[in-house]
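Here is a friendly walk through one protein model, written for someone who is new to reading structures. Keep the picture open while you read.

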Amino acid sequence: MNPSERIDELIAALTDWRGKTFARIRKIILEADKEIIEEWKWMGSPVWSRDGIIAVANAHKGKVKLTFAYGAKLPDPDKLFNAGLEGNARRAIDFFEGDRINARALKNLVRAAIDYNQAKSKKKTAARAKTRKSKKA
C-alpha cells in the first residue's frame, strides 16, 4: 500500500468526527501546493512534505493534532497554533470536536512551511558550494 492509500485507510477507520476533521485537514494541505508529497512515517503517522517535512497529523482520543516540524519559525498571523507553544522548533494545532477550520489561514501556514523548507535548503546548498570552493583553493 502506498502512503496515500494508508492515509485513506486511517481516515476510514476514524468513524467519528475525527475522520471528517482529518479528511478536511488533508484536503486543505494538498490544495495549498500541488507538489506536496504524502508520506507514512513513524509506525503510522501521515506526513506531508515538500523540500522537507511540513507537518505530521495524528488522531488522539479527543482531538486531531497537526504538528508543523518548524512551526516556531513560521509566521502565524491568524494564531492557529494552540499547542506546543513552548518548543524551540515544533508548533501544533489541536482540533477539537466542533472546531471550524480556517482553510485560508491553514493554507497560508502550509505555504509558509514550504517557503521555510526551501530557504533552508538553499542555505545548505550555498554552504556546500562555499566549502567546495575553499577546498579547491
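## Before we start

Helices (H or I, at least four residues) and strands (E, at least two) are runs assigned by DSSP, numbered from the N terminus. Two strands count as a pair if DSSP finds at least two bridges between them.

This is a predicted model, where local features need pLDDT of at least 70 and side-chain atom pairs count only at pLDDT 80 or more, while totals for chains, interfaces and linings use all residues. Residues are numbered from 1 along each chain as its sequence is written, and side-chain values use heavy atoms, with hydrogens and water left out.

Let's begin with strand S2 (residues 45–49). Five bridges join S2 to strand S1 (residues 37–41), and the two run antiparallel. Across this pairing, Glu 38 stands opposite Trp 48 of S2. S1 and S2 make a hairpin with three residues between them, and Trp 42 in that turn has a positive phi of about 50 degrees.

The S2 and S3 hairpin has three residues between the strands, and Asp 51 takes a positive phi near 60 degrees.

How many of the residues in S2 are buried? Five of its five are, where buried means under 20% relative accessible area, exposed means over 50%, and partly exposed lies in between (1.4 Å probe, protein chains only). Ser 45, Val 47 and Ser 49 point one way from S2, with Pro 46 and Trp 48 pointing the other way.

## Salt bridges

A salt bridge here is a side-chain nitrogen of Lys or Arg within 4 Å of a carboxyl oxygen of Asp or Glu. By that rule the count comes to twelve. One of them joins Arg 26 and Asp 8, with the closest N and O atoms 2.5 Å apart. Arg 26 is in helix H2 (residues 17–32) and Asp 8 is in helix H1 (residues 3–13), so this pair ties together parts 18 residues apart in sequence. Arg 26 is buried, at 12% relative accessible area, whereas Asp 8 is partly exposed at 41%.

Lys 107 and Glu 31 form another, with their closest N and O atoms 3.1 Å apart. This one links distant parts of the chain: Lys 107 is in helix H3 (residues 103–136) and Glu 31 is in helix H2, 76 residues apart. Glu 31 is partly exposed, with a relative accessible area of 39%. Asp 78 and Arg 104 also meet in a salt bridge, at 3.1 Å from N to O. Asp 78 lies in the loop between strand S4 (64–68) and strand S5 (91–95), and Arg 104 lies in helix H3, so the pair ties together parts 26 residues apart in sequence. Salt bridges can form networks too: Asp 33, Glu 35, Arg 50 and Asp 51 are linked in one.

## Aromatic pairs

Rings of Phe, Tyr and Trp (its six-membered ring) pair if their centres lie within 6.5 Å; planes under 30 degrees apart are stacked, over 60 edge-to-face, and the rest tilted. The whole structure has two such pairs. Phe 68 and Phe 81 have ring centres 5.5 Å apart and planes at 80 degrees, so they are edge-to-face. Both are buried.

The other pair, Tyr 70 and Tyr 116, is tilted, at 5.2 Å centre to centre and 40 degrees between the planes. Tyr 70 lies in the loop between S4 and S5 and Tyr 116 in helix H3, so the pair ties together parts 46 residues apart in sequence. Tyr 70 is partly exposed at 29% relative accessibility, and Tyr 116 is partly exposed at 24%.

## A look at Val 110

Is Val 110 buried or exposed? Val 110 is buried, with a relative accessible area of 0%. You'll find Val 110 in helix H3. Leaving out residues up to four places away in sequence, Val 110 touches Ile 29, Ala 32, Ile 36, Ile 54 and Phe 68, where contact means heavy atoms within 4.5 Å. The C-alpha atoms of Val 110 and Gly 71 are separated by 9.8 Å, and these two residues are 39 apart along the chain.
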